[in-house]
Amino acid sequence: MTTETMAQVSGLIGRDELMDNIRKELKKGKHVLLCGEIGIGKSVVMTQALSHLPGNKTIIDIQDHQTKGQFVELAKQLFYLNLVALADLDLPSIYADTAVSEIPWDKIKRRVNRNSIRDLASAVIPALKRGGGNLIIAVDDMSFLTPTQQAFWLTVLEHAQVIGCASEKKKGVQKLWWKMKHFDVPRLKACDMKQIVENYVDAKGILIESRNLFISHVVKTSAGVPAAAFDMLHDSSMERVVSKRHVREMSHSAGLKYASFSPFLLAGGACVVGLRYIAIGLGDTSLYIMAGMSAALFLALRFTLFKGNNAT
C-alpha cells in the first residue's frame, strides 16, 4: 500500500496534536524519529508534516528500506540537484557535456551500485555540506540500520536535517537515536477509526447490507491500525454488495490477541518434576509411573502449543 493511498484513507484524523508537536520540532531544525508498529501510519504522518514546512527547504525522499539502497537513492537525488558530480560517483566522462537532467538514471545506476557505502558516503557528505543547510532527508524506514552503518548516518545528521520512521529501534544504534527527537505514533481511537471507515465507505460508494454492522466490525477488527482498516475496506470495495456473511468472515491479524502460555507451561513442568522426586523419596512405584505419564503428556502438549504458535 502506498503512502498516498493511505493518506487518502486516514488523512490526519486523530493526529492533530501529534502533527503540531512534530512541526514545531522540524521548524526548530531538529532531527525527528517517528516510532510505531507496521501499518500505524508513520509514513503518512511524516509526509503531512513535511508538506507544511517553509518553501526554501528541499526534501529528499528516501523510500528504500536497506541502508545501501538508501545511500544510492540519496546520491541519485543529490546528483540531480547538481550537488554531486560524475567523478564523485565514479561515473564515465562521456556524460561530461550532458545536462544532468538529461542523464537517465537507469543508464548509470549499475555503476553507482558498485560503490561501497563508504564510497557513497564520501560523495554524499560533501554534497550535503554544499546544500547549505536547506536539505531535509525523509527516510521511510530506519529500522534495519546496523552499528557499522550508524557512523555514516551520524555524519549525515551533522550536515542535513533528517526525519525518519522506525518500527523497531535497535540497541546497537542508540547513538543515532539519541540525536533525534522521538515521537510515538499510537493506534487510533475507536471514534477516529469510525470516521475513517465512514469517509472511505462514502467516498467509494460501497453498497452494504448492514452499514452499522460493517463499520463497527472494521473498527473493532482493525484495532486502531489504519493499514488494517484499509485492507478490509479495499477488499470489501471489490464486492458488488457487502453482505452480513462477508462482514462475519472479515478478519485481520491486527485485531487478534494472543494469550501467553509460558507461565502455565513453566508451572506444569515444575509440578511434573516435583512429583517424580516425591515418588522417588516415598518409594511409591505407582506415583512414579503416574509422574512419568504426566511428563509425557506435558511434553506432547508443549510441542503442540509451540508448533501452533510457529504456524501463526
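Reader: Which orientation do α4 and α5 have to each other?

Author: The model is predicted: local features need pLDDT of at least 70, side-chain atom pairs count only at pLDDT 80 or more, and totals for chains, interfaces and linings use all residues. Residues are numbered from 1 along each chain as its sequence is written, and side-chain values use heavy atoms, with hydrogens and water left out. The axes of α4 and α5 come within 11 Å and cross at roughly 130°, where axes are lines fitted to C-alpha atoms, for helices over the stretch in contact, and angles run from 0 to 180 degrees between N-to-C directions. Angles under 35 degrees count as roughly parallel, over 145 as roughly antiparallel, 65 to 115 as roughly perpendicular and the rest as oblique, so the orientation of α4 and α5 to each other is oblique.

Reader: Which hand does the crossing of α4 and α5 have?

Author: A crossing is left-handed if the near helix is turned anticlockwise from the far one by less than a right angle, and right-handed if clockwise. On this convention, the crossing of α4 and α5 is right-handed.

Reader: How many nonpolar residues are in the contact of α4 with α5?

Author: K68, V72, K76, F79 and Y80 of α4 touch W105, I108, V112 and N113 of α5, contact meaning heavy atoms within 4.5 Å. Ala, Val, Leu, Ile, Met, Phe, Trp, Tyr, Cys and Pro count as nonpolar, Asp, Glu, Lys and Arg as charged, and the others, Gly among them, as polar. Beside 1 polar and 2 charged residues, the number of nonpolar residues in the contact of α4 with α5 is 6.

Reader: Where is N82 placed, and is N82 buried or exposed?

Author: N82 is not a glycine, although its phi is positive at about 65°. Its place is in the loop between α4 (67-80) and α5 (105-113). Buried means under 20% relative accessible area, exposed over 50%, and partly exposed in between (1.4 Å probe, protein chains only). With a relative accessible area of 57%, N82 is exposed.

Reader: Which orientation does α9 have to α11?

Author: Helix α9 (residues 190-204) and helix α11 (residues 226-237) have axes that come within 11 Å and cross at roughly 25°. That angle makes the orientation of α9 to α11 roughly parallel.

Reader: Which orientation does α9 have to α10?

Author: α9 packs with helix α10 (residues 211-222) at an angle of about 130°, the axes being 9 Å apart. The angle makes the orientation of α9 to α10 oblique.

Reader: How many charged residues are in the contact of α9 with α10?

Author: The crossing of α9 and α10 is right-handed. A190, M193, K194, V197, E198, V201 and D202 in α9 meet R211, F214, I215, V218, V219 and S222 in α10. Along with 8 nonpolar and 1 polar residues, the number of charged residues in the contact of α9 with α10 is 4.

Reader: What relative accessible area does A223 have?

Author: A223 lies in the loop between α10 and α11. A223 has a positive phi of about 55° although it is not a glycine. A223 is partly exposed, and its relative accessible area is 25%.

Reader: Is M180 buried or exposed?

Author: M180 is placed in the loop between α8 (174-178) and β5 (181-184). Leaving aside neighbours within four places in sequence, M180 is in contact with H31, V32, L33, M142, L157, V162 and G164. The C-alpha atoms of M180 and L34 are separated by 9.6 Å, with the two residues 146 apart along the chain. Its relative accessible area being 6%, M180 is buried.

Reader: What relative accessible area does Q149 have?

Author: Q149 is placed in helix α7 (residues 147-159). Apart from neighbours within four places in sequence, its contacts are T67, I117 and F144. Q149 is buried, and its relative accessible area is 15%.

Reader: How many helices and strands does the protein chain have?

Author: Helices (H or I, at least four residues) and strands (E, at least two) are DSSP runs, numbered from the N terminus. The secondary structure of the protein chain comes to 14 helices and 5 strands.
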